[in-house]
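Morning, everyone. Let's look at a ligand and the residues around it. Please bring up the model.

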Amino acid sequence: MRIFITGAFGQLGSEIEQAFEGSDFFLGGRSESDITDQGIIKTIVDFRPDLVIHTAAFTDVDVCEVKSDKAFKVNAFGTRNVAVGAEKAGAKLIYISTDYVFDGKSDEPYDEFSGTNPINVYGMSKLGGEEFIKHLSRRFFIVRSSWLYGKTGKNFVKTILNIAREKDELRVVNDQRGAPTYVKDLAEMISKIARTEAYGLYHASGGGYCTWYEFALEMLHLADIKKEVMPTSSSELNRPAPRPANSALTSIALKQIGIEPRQWKEAIKEFMADMES
Ligand SMILES: NC(=O)c1ccc[n+]([C@@H]2O[C@H](COP(=O)([O-])OP(=O)(O)OC[C@H]3O[C@@H](n4cnc5c(N)ncnc54)[C@H](OP(=O)(O)O)[C@@H]3O)[C@@H](O)[C@H]2O)c1
């Protein structure tokens, strides 16, 4: 398979190659293949991909809130460029979207048939990307995931472990619930989805859910770090972008193609072991 990856050097993008062993890749980073530049359309077509995996995004949720023009430029209009390129090339397209398309008011996890209603600019701009994909692509998969962590880049797991090693006490938010997802698991799920003709929308996250506080307790336990962790609230943090109180994802669509996500506690255990090896 010939695979064009946008955001190839990001947290998820850098895990994709391993999940598609034996394929030929175009690894698109921002410098040589900026998705906001219409030239990306020709770059995609010239590579003659069978599959485009679009992971590139402006992912800093708080900065998106204050730089909304940039958020929509990258996440919505940039996605339009990628969709046009993939369609012109006759390739399948996978777009990675987010749990933040939901408002978090439900007590239940959200499935693919739940109604969207983003409460921050990042979520709105990613939903804008979904709309372009639906209108411009014929063979697409929209894959929503949540709370990503992996070896590359910044993420909650690395931040908590670093703080825990430096400070005596940690304060972690206990009023946001979601499904932590190891990017290695997500890349494997993407690879299985991409090999089907079962187009459409998928929720692909770790199995089960927890709060950030519960997630922090679990990783400190696994790392055998004994520090006091205090539960705190989102209002105490007072960040620019509101977050949904519940953005846990569950999937009806994955079951149709025989995929069962791994439970988040199993995945974080493997990640910690991978980090040590
Ligand atoms: N992180 C999460 O918890 C989470 C949760 C749900 C969904 N998602 C979605 O999952 C996908 C992957 O997330 P991630 O955590 O891997 O993100 P990431 O580590 O921030 O990687 C995103 C990549 O996109 C690149 N990029 C940004 N603007 C670009 C542009 N204009 N043209 C080309 N490339 C550009 C970035 O390059 P630079 O480093 O040079 O800016 C970066 O390499 C994203 O679509 C995100 O919306 C993430």
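**Around the ligand**

Two elements to find first: strand 4 (92-98) and helix 5 (121-136) each give at least two residues to the shell around the ligand. Keep in mind that this is a predicted model. Strand 4 supplies the largest share of that shell, with 3 residues.

Now the shell itself. There are 24 residues around the ligand. Coming nearest are Leu12, Arg30, Thr59, Tyr122 and Lys126. What does the shell look like by class? It has 10 nonpolar, 11 polar and 3 charged residues.

Start with a side chain. Lysine 126 places a polar side-chain atom 2.8 Å from an oxygen atom of the ligand. Lysine 126 is also one of the residues that come nearest. Then the backbone. Threonine 55 has a backbone N or O atom 3.0 Å from a ligand oxygen atom. For isoleucine 35, a backbone N or O atom lies 3.0 Å from a nitrogen atom of the ligand.

How much of the ligand does the protein cover? On its own, the ligand has 910 Å² of accessible area, and the protein covers 79% of that.

Last stop, the cysteines. Are cysteine 64 and cysteine 210 buried or exposed? Cysteine 64 has a relative accessible area of 0%, so it counts as buried, the cut-off being under 20%. Cysteine 210 is at 1%, so cysteine 210 is buried too. And how many disulfides are there? The count is 0, where a disulfide needs a pair of cysteine sulfur atoms within 2.5 Å.

Notes: Residues are numbered from 1 along each chain as its sequence is written. This is a predicted model: local features need pLDDT of at least 70, side-chain atom pairs count only at pLDDT 80 or more; totals for chains, interfaces and linings use all residues. Side-chain values use heavy atoms; hydrogens and water are left out. Buried means under 20% relative accessible area, exposed over 50%, partly exposed in between (1.4 Å probe, protein chains only). A residue is near a molecule or strand if one of its heavy atoms lies within 4 Å of it. A polar contact is a pair of N or O atoms within 3.5 Å; within protein, one must be able to donate a hydrogen and the other to accept it, and residues adjacent in sequence count only if both atoms are side-chain atoms. Accessible areas come from the Shrake-Rupley method with a 1.4 Å probe; for residues, only the protein chains shown count as cover. Helices (H or I, at least four residues) and strands (E, at least two) are DSSP runs, numbered from the N terminus. Ala, Val, Leu, Ile, Met, Phe, Trp, Tyr, Cys and Pro count as nonpolar, Asp, Glu, Lys and Arg as charged, and the others, Gly among them, as polar.
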